[in-house]
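Please look at the sequence and the structure before reading on.

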Amino acid sequence: MVQSVLGSLILGYRPLWNRARKLAAIQLYVHSEASALVDTAHLLRTLQELWSASSPPILLSPQSHQLLSNMLEHAPRGAPWIEVRGDWLSDSTIYKHVKAAHQRGLKLVWRGELGRLPEPDIAQCFDNSLLTLRPEDAVAALKAAPATRPGGAPPQPVRATSPVLAGQMYEGIASRALMEHCLDQHNALALAGWPAEDVLYSLRHHPQQPSHAVIFKLMKAIDAEQSLETFEDIMGQDPILAYRFMVYTNSAALGLRTGIDSLRRGLVMMGYGSIKRWLSDQLPHASTDPNMQPVREAMVMRAELTAHLLDAGVENDLRREIYLCGLVSQLDDLLGEPLGTILRRLPLSERIYDATVLRTGPYTGGLQMACALETDDASAIRQLCETYELDLEEVNRALLRVLADLEVERK
């Protein structure tokens with residue numbers, strides 16, 4: 001049997017978010033495992049087979065000169081975007097391959113510092129760029145941003161010119177103000193990663209609320225008498241809503257004799273009329289802040305990935321429990337208190353508490369791997385495979401399935 005290319009690679013990912021704060025694409029980090037010779041044509045065919053019309057576009061980020069050369073040489077026209085690091089262009093082989101790939105119609109993305117853009121003769125080979133702002137660029141951009149005045153007065157006129165280039169992609173944007181400057185004032189194509197920490201910090205004086213859009217979607221699904229699975233899926237798209245719902249179903253006010261340890265059990269026990277009334281109570285205070293959307297969606301991706309990595313086979317209850325484990329694993333970031341304290345309010349399975357708080361038990365390997373796959377750290381992923389006896393090919397297949405199932409809105 002021919003070994004799949006997925007056994008000779010280590011993959012990781014990073015979402016790219018657009019101006020509407022929606023998923024625009026996925027950056028897929030590609031490392032070759034040890035000295036393995038990678039069949040990049042096979043990798044591209046595998047991606048093509050898994051991806052559908054609604055799946056997110058891919059930006060391939062090869063992490064070695066050899067991998068990049070292979071991709072540039074063998075990728076057919078219509079392949080995903082391929083990233084080329086600016087400082088790798090000093091390698092004459094890569095330079096030559098970039099020129100030839102551009103001639104064949106490949107879509108290439110230049111990655112590097114805004115202050116070190118390529119010379120015009122090579123710049124024309126690239127369709128877009130993934131740029132990093134140097135500290136001085138970031139300062140200049142923030143100085144150029146229009147300062148809002150109190151009381152809704154019009155913003156002050158811009159006094160300086162921003163170095164941010166319109167229509168490009170940016171990475172390493174750690175502040176909410178800079179993110180808004182890039183996306184809203186300079187029409188950046190996308191941000192790779194999201195300044196989640198600063199967005200949450202800027203909201204620290206307001207208790208985190210569930211998403212208005214998710215609550216509304218769930219109320220419409222109840223009105224349309226959709227399936228229990230649909231209700232559970234929608235509620236599972238918002239960690240705060242799921243947590244609040246479980247706190248409520250386990251409250252003394254409801255007086256249920258047994259602890260509710262899953263969303264499904266809570267939905268069954270409450271009845272649709274009661275659920276709708278409870279959702280109506282949540283709606284007036286719900287969050288409409290678009291900057292929170294990528295934060296929530298990234299948490300849902302982690303939950304999906306945890307569930308796929310620990311494939312529970314036909315055991316649906318177990319699969320839902322593993323998903324919940326991934327979903328609640330970052331509640332401390334949202335609620336601003338220790339995760340152990342938060343989870344002790346709910347009669348959840350000890351397996352969830354063990355994995356998220358103690359980092360022990362049967363779910364910990366899957367959860368830690370889901371976290372590691374959010375990075376380009378190949379050594380951490382390799383180490384987790386060894387520690388928890390996870391098969392690299394299966395890990396990669398789970399990751400690609402989850403990414404392929406994500407949906408983006410095509411213009």
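In which sense do strands β1 and β2 pair, and over how many bridges? The model is predicted. In it, β1 and strand β2 (residues 23-32) run antiparallel and are joined over nine bridges. Strand β8 (residues 190-192) also pairs with β1 in the antiparallel sense, here over two bridges.

| Partner strand | Residues | Sense | Bridges |
|---|---|---|---|
| β2 | 23-32 | antiparallel | nine bridges |
| β8 | 190-192 | antiparallel | two bridges |

Gly-12 has Tyr-29 of β2 as its bridge partner, while Leu-16 stands opposite Ala-192 in β8. Between β1 and β2 the hairpin has five residues, and Arg-21 takes a positive phi near 65 degrees in this hairpin.

Which way do the residues of β1 point? Leu-9, Leu-11, Tyr-13, Pro-15 and Trp-17 point one way, and Ile-10, Gly-12, Arg-14 and Leu-16 point the other way. All of these residues are buried. Because nine of the nine residues of β1 (residues 9-17) are buried, this strand is largely enclosed by the rest of the structure.

Eight strands close into it in the order β1-β2-β3-β4-β5-β6-β7-β8, with mixed pairing. On average, neighbouring strands of this sheet are turned by 30 degrees against each other, direction ignored.

Definitions and conventions
Residues numbered from 1 in each chain as written. Predicted model: local features only at pLDDT ≥ 70, side-chain atom pairs only at ≥ 80, totals over all residues. Heavy atoms only, no water. Buried < 20%, exposed > 50% of the residue type's maximum accessible area, 1.4 Å probe, protein only. Helix = DSSP H or I, 4+ residues; strand = E, 2+ residues; numbered from the N terminus. Pairing = 2+ DSSP bridges. Axes fitted to C-alpha atoms, helices over the stretch in contact; angles between N-to-C directions.
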